[in-house]
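Work through the exercises below with the structure open. Each task is followed by a solution in steps.

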Amino acid sequence: MGISRDSVHKRRATGGRQKRIRMKRKFELGRQPASTKIGDKKINRVRVRGGHYKFRALRLDHGNFSWAGEAVTRKTRILKVVYNATNNELVRTNTLVKGSIVQIDSTPFKSWYLQFYNVDLGKKKDEKEDKTKKDEEKKDEQEKDQSKKSKKDDKKDKSKKEGKETKGKETKEKGKSSKKDKKSDDKKETTTEPAKKSRSLKAKIAKRNKTRVLEQPLADQFKTGRIYAKLTSRPGQSGRADGYILEGEELAFYSKKMLMKKKK
């Protein structure tokens, strides 16, 4: 007996049995479920009616997930299945299906958030850090004013030093000077200064932070490095495991459901 998707073998809404008027047809056939697991990517191509193809994902470990609140999409790693409304067996076996709640890696979203808002979601907020940020901004402004004054002084000092250095170099040996040059070159290579941000970039980030909103439940998840997300694609049909990050009321709803299942 093959798997069929016809309704002739079922009873009517009233409870009466239907009489079969024809044999099974090719267009009524069904196939075995994909039962996509979390693992190294493996996709089989299946030819279907009309010469089209379905992509049967047997194993997947990555997917594109969108953060609707920030209008950002990033490819990230799927860690495990946490909740499924239809069957707990799909959670136990880590089976990926449409509508299942999964945990994903938060690092791609963290790095974007740091670049866009200059806020590290992994760190805890401290009063000291807020003060240091304000102090740094003041220091940057002071340094700019000092740098203009120091440039004029440096030019005068260089002219005096050059006269002294020429006399000192003649007396020193060639071997010692060559060694010192090599050491100075090595030091320059090892020391890497952090990239300085321009005024325009700092103004952009300050403007973005004025309208920045991050829910506390979502911020707590970023500290752990794992975020809850929902799958919206069908891995057994399209060969992809894409979805979106849970936020707001939807996150509260599914977190309640997961707590209820843990208590049982």
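A salt bridge is a side-chain nitrogen of Lys or Arg within 4 Å of a carboxyl oxygen of Asp or Glu. Keep in mind that this is a predicted model.

**Exercise 1. Salt bridges**

Task: Apply the rule to Arg-92 and Glu-89, and describe where the two residues lie.

Solution. 
- Step 1. Check the distance. The closest N and O atoms of Arg-92 and Glu-89 are 2.4 Å apart, and the two form a salt bridge.
- Step 2. Look at the spacing. An α-helix has 3.6 residues a turn, so residues three or four places apart point the same way.
- Step 3. Classify the exposure. Buried means under 20% relative accessible area, exposed over 50%, and partly exposed in between. Arg-92 has 61%, so it is exposed. Glu-89 has 37%, so it is partly exposed.

Task: How many salt bridges does the rule give? Work through the pairs of Arg-20 and Arg-22.

Solution. 
- Step 1. Take the count. The rule gives six salt bridges.
- Step 2. Take Arg-20. Its side chain meets that of Asp-6 in a salt bridge, at 3.3 Å from N to O.
- Step 3. Compare with the cut-offs. Arg-20 is partly exposed at 40%. Asp-6 is buried, because its relative accessibility is 6%.
- Step 4. Take Arg-22. Its salt bridge is with Glu-28, at 2.7 Å from N to O. Arg-22 is partly exposed at 37%, whereas Glu-28 is buried at 9%.

**Exercise 2. The open sheet**

Task: In what order do the four strands form the open sheet? Derive the sense of each pairing.

Solution. 
- Step 1. Write the order. The four strands run E2-E3-E1-E6, and the pairing is mixed.
- Step 2. Find the edges. E2 and E6 (95–96) are the edge strands, each pairing on one side only.
- Step 3. Join E2 to E3. E2 covers residues 42–47 and runs antiparallel to E3, with six bridges between them. Ile-43 has Ala-57 in E3 as its bridge partner.
- Step 4. Inspect the hairpin. Five residues lie between E2 and E3, and Gly-50 there takes a positive phi near 90°.
- Step 5. Join E3 to E1. E1 (residues 36–38) pairs with E3 in the parallel sense over two bridges. Lys-37 stands opposite Arg-59 in E3.
- Step 6. Join E1 to E6. This pairing is antiparallel, again over two bridges. In E6, Thr-95 is the bridge partner of Lys-37.

**Exercise 3. A surface patch**

Task: Which residues make the nonpolar surface patch of about 250 Å²?

Solution. 
- Step 1. Name the members. The patch is made by Ile-43, Tyr-53 and Phe-55.
- Step 2. Phe-55 is in strand E3, residues 53–60. With 37% relative accessibility, Phe-55 is partly exposed.
- Step 3. Look over the ring of Tyr-53. Arg-45 lies over its face, 4.0 Å from the ring centre.

**Exercise 4. Aromatic pairs**

Task: How many aromatic pairs are in the whole structure? Characterise the pair of Trp-67 and Trp-112.

Solution. 
- Step 1. Count. The search finds eleven aromatic pairs.
- Step 2. Read the geometry. The rings of Trp-67 and Trp-112 are 6.3 Å apart, centre to centre, with 70° between the planes. Planes over 60 degrees apart count as edge-to-face, so this pair falls in that class.
- Step 3. Trp-67 is in strand E4 (residues 62–67) and Trp-112 in helix H2 (residues 107–117), which puts them 45 residues apart. Both are buried.
- Step 4. Ring pairs link Trp-67, Phe-109, Trp-112, Tyr-113, Phe-116, Tyr-117 and Phe-222 into a cluster.
- Step 5. Check burial in H2. The buried residues there include Phe-109, Tyr-113 and Tyr-117.
- Step 6. Look for a charge. The charged end of Arg-208 sits over the ring of Phe-116, 3.9 Å from its centre.
- Step 7. Leave the helix. Asn-118 follows H2 and has a positive phi, near 60°.

Methods. Residues are numbered from 1 along each chain as its sequence is written. This is a predicted model: local features need pLDDT of at least 70, side-chain atom pairs count only at pLDDT 80 or more; totals for chains, interfaces and linings use all residues. Side-chain values use heavy atoms; hydrogens and water are left out. Patches are made of residues with over 30% relative accessible area and no salt bridge: like charges are joined within 9 Å, nonpolar side chains (Val, Leu, Ile, Met, Phe, Trp, Tyr) within 5 Å. Accessible areas come from the Shrake-Rupley method with a 1.4 Å probe; for residues, only the protein chains shown count as cover. Buried means under 20% relative accessible area, exposed over 50%, partly exposed in between (1.4 Å probe, protein chains only). Rings of Phe, Tyr and Trp (its six-membered ring) pair if their centres lie within 6.5 Å; planes under 30 degrees apart count as stacked, over 60 as edge-to-face and the rest as tilted. A charge sits over a ring if NZ of Lys or CZ of Arg is within 6 Å of the ring centre and within 35 degrees of the ring normal. Two strands pair if DSSP finds at least two bridges between them.
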